[in-house]
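Here are my notes on the model you sent over. Have it open while you read, and go through the points in order.

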Amino acid sequence: MKSIQLVAFGEPTAATKLVETASPQPSTGQLRVAVEAAPINPSDFLLISGKYGYRPALPSALGAEGVGRVVAVGNGVDASRVGERVLLGFSPVRGTWSEELVIDEKDAVTVDGDGDPTQLAMLGINPATAYALLHDFVDLKPGDWVAQTGANSATGRYVIQLAKQAGLRTLNVVRRPEAAAAIADLGGDAVVVADENLTANLRKALGGERSAALLLDPIGGPVTTKLASIVRDNGTVVSFGGMSGEGTVLGPGELIFRGVSLRGFWLNRWRDYTSPERIAEIYRELAGLSGKGVLATPVEASYGIDDFQAAFAHAAKSERGGKILFRF
Ligand SMILES: NC(=O)c1ccc[n+]([C@@H]2O[C@H](COP(=O)([O-])OP(=O)(O)OC[C@H]3O[C@@H](n4cnc5c(N)ncnc54)[C@H](OP(=O)(O)O)[C@@H]3O)[C@@H](O)[C@H]2O)c1
């Protein structure tokens with residue numbers, strides 16, 4: 001079977017290689033899964049570059065989420081599970097950029113066999129992140145405003161979709177005018193382009209009020225610093241990514257005089273401090289919403305594993321129209 005391995009830290013094209021090995025054999029309590037689809041996320045590139053929250057020992061398997069079918073079971077696992085479709089990424093997993101992988105039975109969450117595999121493959125990371133960002137920092141009430149940078153990202157889109165479910169209003173900042181219409185169509189209550197009129201347009205969008213209870217930030221840099229001016233006194237800013245290459249900085253007016261807090265979020269840590277029962281319940285809810293089409297994000301292209309270099313180049317491209325996935 002073919003898989004992509006990380007052999008050094010650096011640029012994706014130089015740091016990875018396609019390897020061919022025998023199919024992995026499931027031990028007691030394990031299942032072998034044939035992967036159907038697995039996305040490429042910004043965090044994969046961070047891991048490959050060596051700048052992520054941990055560095056795996058090399059060589060290392062790659063790919064942190066996906067969906068697949070059970071093709072073999074080890075001792076102690078009911079053979080009737082063969083054929084089930086399971087979510088990969090419900091608990092930390094590495095190795096979904098692979099034709100097959102072995103997982104523990106406790107991590108094999110069954111999902112809709114008829115659902116769209118590309119959407120199911122993206123359930124493990126970004127929807128759970130959006131859910132935790134909306135539920136675990138501020139006690140939000142229906143009608144509250146949640147502001148976000150990076151609104152056109154997959155995570156930003158899931159934030160809008162989940163916020164709608166909870167009766168929250170979203171103020172969405174995008175970097176490109178052409179993304180603004182798409183985010184408004186998706187149900188973003190206010191959409192503002194991060195251009196030279198950002199501050200004036202933010203005021204206009206909220207009627208001059210500092211009314212966002214929560215600001216979610218995967219981008220960082222000066223846009224976030226400006227956006228923090230519309231967070232209410234004692235409100236919260238959560239940094240969970242740095243797509244601009246800069247950190248999240250709040251001015252003294254926000255931090256000192258208005259009591260705005262700056263917090264951080266990492267899904268890997270969230271999985272450590274959140275009970276397995278709550279995590280399972282959240283993923284069941286997210287899978288249900290995905291099945292109904294309430295949770296979805298656009299896919300720009302899919303690649304076979306042999307074309308992994310082209311897939312990486314496409315995923316690293318700026319201004320994509322959606323996610324890039326491997327299909328097997
Ligand atoms: N901390 C966690 O646990 C966690 C979990 C999930 C995601 N994240 C982070 O959330 C972020 C988004 O992830 P995703 O998978 O949702 O992303 P994605 O769908 O791949 O989209 C990437 C987004 O980044 C924007 N972007 C790229 N370069 C930028 C730049 N230089 N300045 C401003 N915006 C830029 C793009 O803007 P355009 O739409 O204009 O192209 C796009 O909206 C990433 O930083 C990721 O690491 C963190």
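Which residues form a nonpolar patch on the surface? Before the answer, a word on the source: this is a predicted model, where local features need pLDDT of at least 70, side-chain atom pairs count only at pLDDT 80 or more, and totals for chains, interfaces and linings use all residues. Residues are numbered from 1 along each chain as its sequence is written, and side-chain values use heavy atoms, with hydrogens and water left out.

1. The patch is made of Leu255, Ile256, Phe257 and Leu262, with about 440 Å² of accessible area together. (Patches take residues with over 30% relative accessible area and no salt bridge, joining like charges within 9 Å and nonpolar side chains, meaning Val, Leu, Ile, Met, Phe, Trp and Tyr, within 5 Å; areas are Shrake-Rupley with a 1.4 Å probe, and for residues only the protein chains shown count as cover.) Helix H9 (residues 252-257) gives the largest share, three residues. (Helices, H or I of at least four residues, and strands, E of at least two, are DSSP runs numbered from the N terminus.) Ile256 sits in H9 and is exposed at 62% relative accessible area. (Buried is under 20%, exposed over 50%, partly exposed in between, with a 1.4 Å probe and protein chains only.)

2. Next, the sheet. Three strands make an open sheet in the order E2-E1-E4, with antiparallel pairing. Its edge strands, E2 (16-20) and E4 (60-61), each pair on one side only. (Strands pair if DSSP finds at least two bridges between them.) E1 (residues 2-6) and E4 share two bridges, and Gln5 has Ala61 in E4 as its bridge partner.

3. Now the salt bridges: there are 14 of them in the structure. (That is a side-chain nitrogen of Lys or Arg within 4 Å of a carboxyl oxygen of Asp or Glu.) Glu36 and Arg69 meet at 4.0 Å, N to O. The pair links distant parts of the chain, with Glu36 in strand E3 (residues 30-40) and Arg69 in strand E5 (residues 66-73), 33 residues apart. Glu36 is buried at 15%, while Arg69 is partly exposed at 28%. Arg85 is linked with Glu36 and Arg69 in a network of salt bridges.

4. Also check Glu105 and Arg81, a salt bridge whose closest N and O atoms are 3.2 Å apart. Glu105 is in the loop between strands E7 (100-104) and E8 (109-110) and Arg81 in the loop between E5 and strand E6 (85-88), so the pair ties together parts 24 residues apart in sequence.
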